[in-house]
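Biologist: I would like to learn how to read a few features of a model. Please take them one at a time.

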Amino acid sequence: MSEITPDLVRHLASLSRILVTDEEVATLAGELNVIVDSIAIVTQAVKGDVLATSHPIPMANVFREDVVEPSLTQESALSAAPDSAEGRFRVAAILDEE
Amino acid sequence: MAKEALMPYEQAIEQFEVVIGLEVHVELNTKSKMFCGCANIFGNEPNTNVCPICIGLPGSLPAVNKKAVESSIAIGLALGCQIAPTGRFSRKNYFYPDLAKNFQTSQYDEPIASEGKINIELEDGVVFEVLIERAHMEEDAGKLTHIGGATGRIQGAEYSLVDYNRAGVPLVEIVTKPVYGAGARAPELAAAYVHAIREIVKSMNVSDARMERGNVRCDANVSIRPYGQTKLGTRTETKNVNSLRSVENAVRYEIQRQAHILANGGTITQETRHWHEDRGYTSAGRPKSDADDYRYFPEPDLVPVQPSLAWIEEIRATLPENPGLRRKRLMEAWGFAELEFRDVVNSDLLDQVEATVAAGAAPQAARKWWTGELARLANSQEVAVQDLSITPTQVAKIQQLIDSGELTDRMARDVVAGVLAGEGDPEAVIEKRGLKVVSDDGALIAAIDEALAKQPDVLEKIREGKVQAAGAVIGAVMQAMRGQVDAARVRELILERAK
């Protein structure tokens, strides 16, 4: 049994900026436990000779040359923003970092 | 928040062992960004170098800038690192508006370079070896401006404005292993290390390396522990200390602040801190997140980077000489006094003097031009001496004409003025301004005779042994010839007349 506690679920939710109710926390804790336990079982089957599958297609070194291409105009860059001012995106003040 | 209580520095060093760790971010000077083709330019109108990729619009796909990878490998090699045969990018997830994607594309468990070392020489010649843990590739974030509140600082801000021109600019983050044993010299070593990194990336031309523009930024980790304790003390990370002086001052401040807390039975909070250069203190930022909170995972939109040995060796072959070794070599070759050499180094004129010497000037003459007349002219025009429109070759040519007696010092300064005014090469300026040392003694002798006629007693005095009497006539002759003669030659001719 893994260690997904209600507090850990709340912490994950806050990192992901998702609002969760106490009921949802309880449900999610249960579901996440099942997922984590399942992964733990799969991990036991994996020996050192199994390659990571993050990039299963054998392909590497896909580069672009260092060439400048046209950018958006300031107007079009800002056109979908909820709010803007002085040519910049305007966002709520965020207090936990400078 | 104001300054906290500090323990006197000497006392802190006596009681505690200092351990530092440095993270230096180097912005690469590629033409385009790390993952898209937007221009990598400082100072443009906000949000004009942005595209769907660097502002994270749905469906956009990044592509790695080959030159940025090359520069990263070059930095790794210059720091004596191993280059990873394969490496992936990872997503570092966090919600903050400096990156619109809600993650930073970085490297986590597979950095491109690791396990290097670099020798750092302090001003008095003491050398410390600093071990490099890793150097990895990532992208820079956008620039936030906090509006409202008294000072424009984040405290009291009503809202923030975001410019994403810098978002996606390629960065290399260089991380040291913990540095032990520097003791009282830890602050100095920290600054010297950042200086060395800056010098290396600048010599390689992979970064503009201008600290005032944030091209090179340092986060300084500081912890202290009682002597004999094996466990490391809790560290703080002072962010974005953006000048060498700030690095030194911030490390010193943290040592004193932490020492005061520990000596009074307190505990250090693991946190990021902000350095306030104007008033010389650090203040608490956010509590340091665990790496787990970033939920790193492999970037699925980018394939691994697998530099071949051939490519790595090709890059290694392009590395310039290490700046520290180069200084040693040049100082020996030029035979300058230590102060003279330091003057050249501190004025950032090594390249100019070296090129001028290579073009045929004597080292001392080359030094005098660049740190003397040219520095003075640059200063009066309020430009950097490196930006003056005169080349080392032109300077060497002018010096050569002085050495051969074709120009006097005064005329040489005129030639320099002409070159700077855009009148062409020294030869063209000489031609245009009619600056030729008069080598036809006929005109000169006539001028001397005329001057002597006006001061008839001079020859008599010289004959009596008062050679200095010639001075008055030399002055008059120089004036008559508008400086275009060699004063030594005038003197010689006057003395001949007196025989």
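**Reading the model**

Modeller: Asn33(A) is buried, with a relative accessible area of 8%; buried means under 20%, exposed over 50% and partly exposed in between, with a 1.4 Å probe and protein chains only. This is a predicted model, in which local features need pLDDT of at least 70, side-chain atom pairs count only at pLDDT 80 or more, and totals for chains, interfaces and linings use all residues. Residues are numbered from 1 along each chain as its sequence is written, chains are lettered from A and ligands numbered from 1 in the order written, and side-chain values use heavy atoms, without hydrogens and water.

Biologist: Where is Asn33(A) found?

Modeller: Asn33(A) is in helix 2 of chain A; helices are DSSP runs of H or I with at least four residues, strands are runs of E with at least two, and both are numbered from the N terminus. A polar atom of the Asn33(A) side chain lies 3.3 Å from the backbone nitrogen of Ile4(A).

Biologist: How is helix length read?

Modeller: The expected span is 1.5 Å times one less than the number of residues. Helix 4 of chain B, residues 244–263, has 20 residues and reaches 29 Å from first to last C-alpha, close to the expected 28 Å. Gly265(B), with a positive phi near 80°, follows helix 4 of chain B.

Biologist: And strands?

Modeller: Strands of a sheet pair through backbone hydrogen bonds, either parallel or antiparallel. Two strands count as paired if DSSP finds at least two bridges between them. Strand 4 (residues 90–93) and strand 5 of chain B are antiparallel over 4 bridges, and Arg91(B) stands opposite Thr105(B) in strand 5.

Conventions:
A polar contact is a pair of N or O atoms within 3.5 Å; within protein, one must be able to donate a hydrogen and the other to accept it, and residues adjacent in sequence count only if both atoms are side-chain atoms.
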